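Visitor: I have this structure open and would like to go through it. Can we take it piece by piece?

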Amino acid sequence: MFSKFLIAAGAALLLAGCATDQGLTDRKGRSLSLDDEGSFEPAESRFNTFKFLDVSKGYSTQAYERDNGKGWAEIVKWDAGKAYFMIQYVNSAWFSRSTEDRALEGADFREIAANAGIPEAKFQIIDQVSPRTKGWIGKNGDCVAGFFAKRFKRFTPYDNDRGYSDAIVEFAGCSKFSESPEAIMQGINLITEADEAQLAAAYLNIGPLGNNGSTLTSQNQTWTFEGDWDGVSSEIEGEVRKKGAAQFDFSFDITEADASCSGTAITGSGTGNTGTWKLLCDNGLKADGMWTKHEGQPIKGAGADSMKRRISFELKS
């Protein structure tokens with residue numbers, strides 16, 4: 001749900017956004033305008049993620065680009081979105097020290113670990129100098145989780161490069177992880193030519209991944225809005241448009257109120273199967289609430305307007 005770019009999954013620092021009058025922004029108010037780069041195969045990834053996962057067709061992948069390539073994010077999901085591996089990376093810069101401090105603070109990791117059934121007694125803090133890594137990992141039986149900032153690239157020639165982390169890594173789940181959280185933490189990095197060759201060979205005979213396009217942000221899908229607003233209209237129909245990696249917009253007209261309305265929904269953390277929405281109409285009506293998605297079912301939203309009248313809707317493909 002990319003956390004929550006620089007989407008969502010879990011409590012990622014930059015995908016976790018909020019809706020403002022200027023569009024999707026991060027917690028500091030910076031623009032989160034993203035370009036959806038579509039799915040990718042294991043050997044096409046910019047990272048060596050698949051070295052730490054079982055060889056399988058059962059993964060769904062999505063890549064996102066920000067600011068003409070300055071930032072890049074990839075998400076791998078499986079088990080109907082219950083398990084995932086997400087990396088956010090800045091190509092020619094690095095995160096601030098405050099980003100590392102937040103990863104060390106542990107609030108984001110505790111939420112991720114709780115969803116994976118990992119108790120605090122199984123947590124391990126990581127505060128490593130080389131390679132620079134700041135955050136947490138955990139393991140309970142087959143279930144693993146991690147949330148940490150890490151330096152991938154070598155030092156740059158810039159005077160202000162203090163070696164801070166340039167990647168945020170987040171993963172959680174109870175299946176298909178082939179390595180321990182410690183091994184993942186130490187080994188995750190930019191993909192090498194040797195990694196590409198190894199992964200290409202491993203996936204040669206099993207065919208392409210099962211990128212089945214089940215999420216709202218998938219390419220080439222048409223969605224419609226169908227809703228019911230107590231005291232306003234019982235038959236609302238409208239359009240849905242994807243905007244970036246972690247946001248989708250919808251609009252509709254209300255004949256009874258002679259009004260046009262538009263809204264924005266933001267994907268939340270972890271699996272990408274829940275989030276928040278809000279809408280505003282040109283006659284002053286406004287409402288907000290939450291949305292959820294379950295495998296094989298329409299996306300369903302519910303909430304209330306400023307007069308506490310209930311509104312519910314479905315997004316159908």
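Guide: We can start with the whole chain and then turn to single residues.
Guide: This is a predicted model, in which local features need pLDDT of at least 70 and side-chain atom pairs count only at pLDDT 80 or more, while totals for chains, interfaces and linings use all residues. Residues are numbered from 1 along each chain as its sequence is written, and side-chain values use heavy atoms, with hydrogens and water left out.

Visitor: How many helices and strands does the chain have?
Guide: The chain has four helices and 18 strands. Helices (H or I, at least four residues) and strands (E, at least two) are DSSP runs, numbered from the N terminus.

Visitor: And how much of the chain is buried?
Guide: Of its 317 residues, 52% count as buried. Buried means under 20% relative accessible area, exposed means over 50%, and partly exposed is in between (1.4 Å probe, protein chains only).

Visitor: Which residues touch the most other members in the largest nonpolar core?
Guide: Phe50, Phe85 and Phe171 do, in a core of 30 residues. A nonpolar core is a set of buried Ala, Val, Leu, Ile, Met, Phe, Trp, Tyr and Cys residues joined through side-chain atoms within 4.5 Å.

Visitor: Which element gives the most to this core?
Guide: That is β6, with four residues.

Visitor: What does phenylalanine 85 touch?
Guide: Its contacts (heavy atoms within 4.5 Å) include Trp78, Glu170, Phe171 and Ile184, leaving out residues up to four places away in sequence.

Visitor: Glutamate 170 is on that list. Where is glutamate 170 found, and is it buried or exposed?
Guide: Glutamate 170 is in strand β10, residues 167–173. Glutamate 170 counts as buried because its relative accessible area is 1%. Its side chain makes a polar contact of 2.5 Å with the side chain of tyrosine 84. A polar contact is a pair of N or O atoms within 3.5 Å; within protein, one must be able to donate a hydrogen and the other to accept it, and residues adjacent in sequence count only if both atoms are side-chain atoms.

Visitor: Switching to α2. Which of its residues are buried?
Guide: In helix α2 (residues 107–115), they are Asp108, Phe109, Ile112 and Ala113. They cover an arc of only 125° around the axis, so they sit on the same side of α2. The arc is that of the directions from the helix axis to the C-beta atoms.

Visitor: What is on the other side of α2?
Guide: Ala114 and Asn115 are there, and they are exposed. The buried residues of α2 pack against several elements, including β6 and β10.

Visitor: How many salt bridges does a search of the whole structure find?
Guide: The search finds 11. A salt bridge is a side-chain nitrogen of Lys or Arg within 4 Å of a carboxyl oxygen of Asp or Glu.

Visitor: What does lysine 134 meet in a salt bridge?
Guide: Its side chain meets that of aspartate 127, at 2.5 Å, N to O. Lysine 134 is buried, with a relative accessible area of 10%, whereas aspartate 127 is exposed, at 52%.

Visitor: And which residues are linked in a network of salt bridges?
Guide: Arg151, Lys153 and Asp166 are. The side chains of aspartate 166 and arginine 151 meet at 3.8 Å, N to O, and both of these residues are buried.
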